[in-house]
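Subject: Structure handover

Hello,

Here is the structure I said I would pass on.

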Amino acid sequence: MSYSLPSFLIVSSLLFCLGMFTVLTRRNAIGVLMGIELILNGAGLNFVAFSRFLEPTQTANLLSGQVFTLFIIAIAAAEVAVALAIVLVLYSQMKTIDVEDFKDLRG
Amino acid sequence: MVEPQTVKNILWLIPCLPLAGAVINGLLRRRLPARLIHIVGCASVFLAFLVSVSGFITLVRIEEPHNRLLIQSLYQWLLTVWDQGRFSLDVAFRLDPLSAALCLVVTGVGFLIHLYSVGYMAGDESQGRYFAYLNLFTFSMLLLVLADNLLLMFVGWEGVGLCSYLLIGFWFSDLEKAQAGMKAFIVNRVGDFGFFVGLMLLFWTLFEGSSGGITGLGFDQLTEAIPLLGSASPILGVGVATWIALLFFVGATGKSAQIPLYIWLPDAMAGPTPVSAFIHAATMVTAGVYMIVRLNFLYAIAPVAMTVVAVVGAVTAFYAATIALTQNDIKRVLAYSTISQLGYMFLAVGVAAFSTGIFHLVTHAFFKALLFLGAGSVIHAVHSNDMQEMGGLKKYMPYTYLTFMTAYLAISGIPPLSGFMSKDEILWATFNSHLSIPGLGKVLWALGLLGAGFTAFYMTRLVALTFMGNFQGGPEKEKHLHESPLVMTIPLMILAVLSAVGGAIGLPAVTHLPNLLHDFLSPVIGGHGSSGHEIHAYGLEVLLMVISTGVALTGIGLGYYFYLKRPELPGQIKARFAGMHRLLFNKYYVDEIYQALFLRPVLKLVSLSGRFDLQGIDGAVNLSSRITAKFSFLVGWEDLTIVDGAVNGLADIFKRWGAWIRQVQTGRIQHYLYSVVLGIFGLCVFMLLF
Amino acid sequence: MKEIILNLFILLTVVPCLWVALSSNIVHAAFSLLVTLFGVAGLYVLLGADFIGVVQVIVYIGGILVLIIFGVMMTQRGKLLPLSVQLPGRFFGGLLSSIILVALILAARRSKWPAAASLGEPEPTSAAIGDLLLGKYLVAFEVASVLLLVALVGAVLIVRRSVRGE
Amino acid sequence: MVPEHILSWMIFCPLIGAGLILFVPKRYPTLMKVIALLATVPPLWWAANLYVSFDRWDNGFQYVEKVPWIEAFNIHYFLGIDGISIPMILLTALLTFICVIASWNINEHVRGYFILFLLLDTSMVGVFSALDFFLFYVFWELMLLPMYFLIGVWGGPKKEYAAIKFFLFTLVGSVFMLVVMLVFYFGSVEPATGLHSFDLTILADQSVHQSFLRNHTIRWLCYLGLFIGFAIKIPLVPFHTWLPDAHVEAPTAISVILAGVLLKMGTYGLLRISYPLLPDMAVAFALYAALFGLVSIIYGALCAMAQQDMKKLIAYSSISHMGFVMLGMSVFSNTTAINGAVLQMFNHGTVTAMLFLLVGVIYDRAHHRDIDGFGGLAKTMPIYAGYTGLAFFAALGLPGLSSFISEALVLVGSFQQYKIITITATTGIILTAGYFLWTMQRVFLGPLNKKYAELPEISLREAFTLTPLALIVILLGFYPMPVLDLIGTTLKHTVAMVVG
C-alpha cells in the first residue's frame, strides 16, 4: 500500500474493527481487555497519521495529534490496571473469568 | 305610742322578720338545737305581730278615716321605658285598715300555731325544715297582704302556693303526700294563670284607655283609672271590667278552693295538722277573699261578676257541706267545712257586703284554726285520723274538749258566739241584696241557711264521734290516751276566747252598737260596700236571726239524736240511701272526673308529642340523612368501579410492558456493547441517509 | 524502499491482530497482541512520531502488555474456554464488524483528503512535544497524572479488600 | 381601671391560656386545668370592670376597636359592645369560669379538652363583640369546630351521631347566613369610600343599600335566610331536634356552655343583624316569629313532660324558655317584651347552667340520668335536693326568682300586640310547673330507692360552682334592676329604630 494517509486509515480501521470483534466475541474477560487495547491503538494510529499528513506548516499544533495519542496510552495504562484488579477480584471469588457467569446484575 | 313616720319606716319588717327566721332556720337547721329553732321560728312571727299591732294602733289613732294609710316604697323593682309610656313597679308595702286587719290575723293566729307546732312536731327529726317553711309561708302571706301593687301581690300569691306545696309534702317520703303537694301547686298554678291574664288585660286596657297615663299596677293608680274600664270596648259581647273581674275570680277560686278548683284542699290534709290549721284554714285560703275585697272598686263596676261570685260562693257552701256529712276522716270533714265557710265569705263579697266578708274571714280564722288544732291534739293522742277509731275522749282530754266545744258552737252558729254573728250577718246581707237577677238574693239566702243547718249537723256528728260515747280504738290505745302538753293547749284556750268574743267587733245593726269592723274598713271599701246597716227593718232582721238560730239548733238536735241517742240509726239510713251515701262519700267522684277530663288528655297529648318529636321531626331528619347516605353510597360505588377500574387497568398495562422490557437486561456485558454498537451504527446510517 | 518497509509493518500489525481475535488459546492471543503492538510502534516511527513510537514500546508493551500477560497467567486454570459464545454468536459479531470495516475503508478512500504537500523529512519531535505538554496542554497533563494516581490507588484498594476476604 | 382594647384582651386571653397548655407535659393534667382556670379569671375580672364602667345612658356602641383587617374586601377587625351584648359577655365570662371548675374530673385527653374549651370561649366572646359581619361569621364558624370535637370525643355513648347532627344543623344555618352576608356586601356601597362594606353599623342605615337590596322579595328572602340560620341555633321547634341529642351526649360542662351561651347566639344574632339591617322585614315577619315562639313554648313543654332522661327534659325545657325569648323579641309596640326577652336570655343562661350542673352531679354518682331510676333522694342528699329545688322552681318561673321577672315582662309586653298568643303562652307556665314538679317528685320525693341509699352528698367543688348561680337567680328575682338598666336604653333605641 502506498505511503499515504488512506492506507494508514485503512490499517487503523482494521485494527479498530478487529478489536471490536474481539470484545464482542471473546468469552475470556482478559480477552476482552485485549480487544480494548487494539481499539485504543487503532485510534492512536489514526491520530498520529492525521498529525503527519495534514498541514505540516505549524509544527507545534501539528503535534497535538501525537500528544493526544500520548494521553491515550496513559489512560490505557490506568484503565488496564483497574480492569485487571477487578478481573482478579472476580476470579478470586468466582473461580472463573468467563464473561457468561458475571450476570448477577440482571434486570 | 309610736308616731306614723317611724311605723312607716318599719313596715318592711313585718314580712322580712319571718323571712329572716326562715333563712336562719333553713340554712342552719342541721347545726341549731331544736330549742333554738323553736325560739327563732316563734319569735320572728311574734315580733312581726308586735309591729302589726303598732301599725294597727297608729292607724286607729289617725282621726280622719280617709288618710289611714301608710305606704313604704323600698326600691324600684321593674322599669321598661318606651316612647308611648313606661311600665314601672316598685317594691312597696301598703298598710291600710284592710291589710292591717289581715296582718293581725296572719301574725296573731300564725304565732299561736307556731307555738302549737312546737308541741305537735316535738318528735319529728326535721323540725328545722318545718319551721323554715312555716316562716317562709308567713313571709309570703304578709307580702301578699301588704303588697302595694298587683304584681308584687302575685309574687306573694305564688309564694304561698309554693309554701303550701312544701308543707303539704313535708313528709315527702310518703308518695301520695308528695303527690298531694304537687296537686295543690298545679291547681293553684291554674288559678294563677287566670290571675295573671286578668292582670295583663287590666294593665293594657287602662294603658290604652289613659293613653300611657298609667305606668304600673299600684292600687292607687288603679283606683283612679278604673272608670276608664267602662269606656273600653267589650270583648265578645261582655264588658272588659267583667272579664277582668272573672279572671281574677278564677285566681281566687284556685287559691281559696272554690268550685271548680277546690279539689286540692281535701288532699292538702296530708300535711301536718298545724299546717292545715294555719294555711288551709286561717290564712292562705282567705287570700282569694282578700284579693276581691282589695279590688272592690273593680268588682263594684262589674255587677255580673259579682253575681257569679255570689252564686259560686253559695253553691260551694251548700255542696261542700253535703260532702262533709259522710266523711270519716276528721281532717277531711274540717277541710270540707272550710270550703263551705269560704263559700259563705264569697257569698258575702258577692252581695257587696265586703266588710261582712272580712268579718267572717276573721272569725272563721279563729274557730276553724281552733277546730283544726283541737283535731290535731286528738290525732296527736290517738295517732289516727279516722273518727271511727275515736270516741269518748271527753274523759281523757278535758281542755281540748272544752275548747273544741266553744269552736263547735261558734261554727254551728249559736248566738252570741262569733260564728253566729258573722254568718248571720252574711245571710242578712244576702237576703237584702239585689243582684243582677231579681229574687236571686232570696234563693241564695235559702241555700245558705240550708248549708248552715248541714254545718251544724256534721259538726255535731264530728263531736259526737270523737268526744262522746266510748273509745272505739281498742283497749291498749285507750291506756295511754293523754291530754296534749301545755304548749299545745294554751293556744287552744286563747283561740277559744277569741272565737267566743270575736263577734264583738262586728255587732249587727239591731243592737244599736257601732259595727267596729265596718267603720274601720270603710275608707278602703269606700261607698261600694252595703253592710245591711242602712236597712232599718229591725223586725225582719230579728226574725231572720231567730230563723237561723232555729235551723242551727235543729241541726244539732238531729246530730245528737242520730249519733248519740240511736247510734244504729245512721247505719240504717246509710243502707236505705246507699246510692246517695256512696255518691257523697266519694265526693261526687269529682276527682275521677277531673282525672278523665283534664289529666288524661294532657298526658295523652304529652306522650303523643313526645313520640311525634321522636319519630316525626327526628324521623324526617334521620330519613333525610339515610337518603343522603344512600346517595353517597351510590356515588361511592360509581367512583370505585369505573374510575378506579380505569386507573387500575392502566397500571396493569404498564406493568406488563415493563416486565417484557426487563428481559433485555441479560446481565451479559457483550450484549450491552452489542446494543451500543448497533445504536452507533443505526445513528451513522441515519446521518448518512438524511 | 520506504513502501516495502511500510507494507512490512502493516502486515506485522494486521496478521497477529487476526490471531488475537480468533485464536482459541488465550496465551497465544496475548503474545500475538505483543507482536501487533510492535507493528504499531513501527508505524508510529514511520509517521515521524519517534517519541510516540518509543513511548509505545516502553509504556504500552513493557507495562500494559506485561500486566495483561500476568492477568492471563494468574487466571489460567488449564481448561481452555471454548471460543464460541451463545451470544449472537461469532457470525453476527463478524458480520457487524466487517460491515463497519467496509464503511470505514470506503470513507478513508473516497474522502478527498487535502493534498499532502511536500512531505518533508520528519525531524525529532520530543522537544516540541515536551513544550506542548507543559505549555498548551498543561492542564490535560496534570489531570492525566491525577488519573493515573487514582487508578493506582483504586486498583490496590480493590484487590486488597478482596484478598483479605472482608 | 378598664385596660386599653379590653374586648380584644377578653377574646384572646383564653387563646393565650390554650397556647400555654400546649407546652405542659402530659404528666401534669392538674397543671393544665389550673392554667385553663387562670385563663378564664382575667376575662371575669374585666367583665366586672366592664359592668361597672358601662355607660347606661349611651345607646351607641362602647369600647369600640376598629382596625383594618383585610383591605382587599374592606373588612375591619371591628369590636364594640352595647346593652344587648354586655349581659351576654358577663354570662359567658361567668359560665366559662364555672365550667372549667365543673370539668375538673375530666381525665382523658385533658390537654385537648381544655384547649378546645378555651378556643370555644374565645369564639363566644368574639361573636358577642363583633360588629363586622365578616368577623361575626368567622367567630360563628370558629365556635362550631371545638363544639363538634368536645361532643364527639368526650361525649356519651351516641356521641358521634350527636356531634355530626349538631355540626350539620348549624352548618346549614350558617350557609344561609353566608349567602345573605354576601348579598349585603355586594348590595351596599359605603358612602365615605364608595366601597362595598361588611360593617354592621354602616349596613344598618338603609340609604346605603343599593338597587337590588331594595327589592321587597330579596329583602324578604334575606330575612328568611337569616331567620332560619338563627332559628336553628335558638332552637325554634321545627329545627330543634339536634338539641336533645347534643345535650344528652355532651359532657356536663359542655352542655352547660351549650345551653348557657350558645343558644343565645341565635337570638343575639337576630337582635344584632336581622333587626338593624332589615327593620321593615322584622316588623312584617313579627307575627310569624311570635307564632314560632308560641309553638316552641307549648311543644317544648309537652315534649319535656314525655322525657325519661333528665338531660333531655332540661333540653326541651330550654327550648320552651327560648320560645319565650322569641315571643318577647317579636313585639315592637312596647319595650317591656323585648326587655323581658333579653333578660330571659340572661336568666335562662344562669338557670339552665345550674340545672345541667346538677344533672352532672347525679350522673357522676349514679352513672345514669333516668328519672324513674331514682326516688327519695331528698333524704340522702338534702343539700343537693335544696339546690335542685331552687333550680327547678327558678326554671318553672316561681315569682321571687329571676325567670319569673323575665317571663312576666315578656308576657305582659306581648299581651298588648298578640292577645290570644300570649294567653296560650301563659298556659305554658302550667305545663312547665307540671313537668318540673313531676320530675322533682319522681327523683327526690317518695320512698327512698334502696340502690341509692348511700349516694355521697354534693361535694364542695360542685357546691362552689352552683352557689354563684343560685345567688344570681335569687338576687335578680327580687332586684332585677342591675340587668334591666343595662339593657333598657339600647332596647328602647332598637325598637324605635325598627318601628321608626
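Predicted model: local features only at pLDDT ≥ 70, side-chain atom pairs only at ≥ 80, totals over all residues.

Chain C
Chain C has six helices and zero strands, so its pattern along the sequence reads α-α-α-α-α-α. Of the 166 residues in chain C, 27% are buried. Among the contacts in chain C with a separation of 6 or more, 52% are between residues 24 or more positions apart.

Chain A against chain C
This contact draws on 64 residues from chain A and 73 residues from chain C. On the chain A side, α1 (5-25), α2 (29-53), α3 (59-62) and α4 (64-94) each give at least two residues. The largest share, 24 residues, is that of α4(A). Sorted by class, the side of chain A that touches chain C holds 46 nonpolar, 14 polar and four charged residues.

A helix pair in chain B
Helix α2 (residues 13-28) and helix α5 (residues 127-146) of chain B have axes that come within 8 Å and cross at roughly 160 degrees. An angle over 145 degrees counts as roughly antiparallel, and α2(B) and α5(B) are therefore roughly antiparallel to each other. Their crossing is left-handed. Residues making the contact include B:Ile14, B:Pro18, B:Leu19 and B:Ala22 of α2(B), and B:Phe131, B:Leu136, B:Phe139 and B:Leu143 of α5(B). By class, the contact of α2(B) with α5(B) has 12 nonpolar and six polar residues, with no charged residues.

Regards

Terms used. Residues numbered from 1 in each chain as written. Chains lettered and ligands numbered in written order. Contact = placed C-beta atoms within 7 Å. Helix = DSSP H or I, 4+ residues; strand = E, 2+ residues; numbered from the N terminus. Nonpolar A, V, L, I, M, F, W, Y, C, P; charged D, E, K, R; others polar. Axes fitted to C-alpha atoms, helices over the stretch in contact; angles between N-to-C directions. Parallel < 35°, antiparallel > 145°, perpendicular 65-115°, else oblique. Left-handed = near helix turned anticlockwise from the far one by under 90°. Buried ≥ 20, exposed ≤ 12 C-beta atoms within 10 Å, placed from the backbone.
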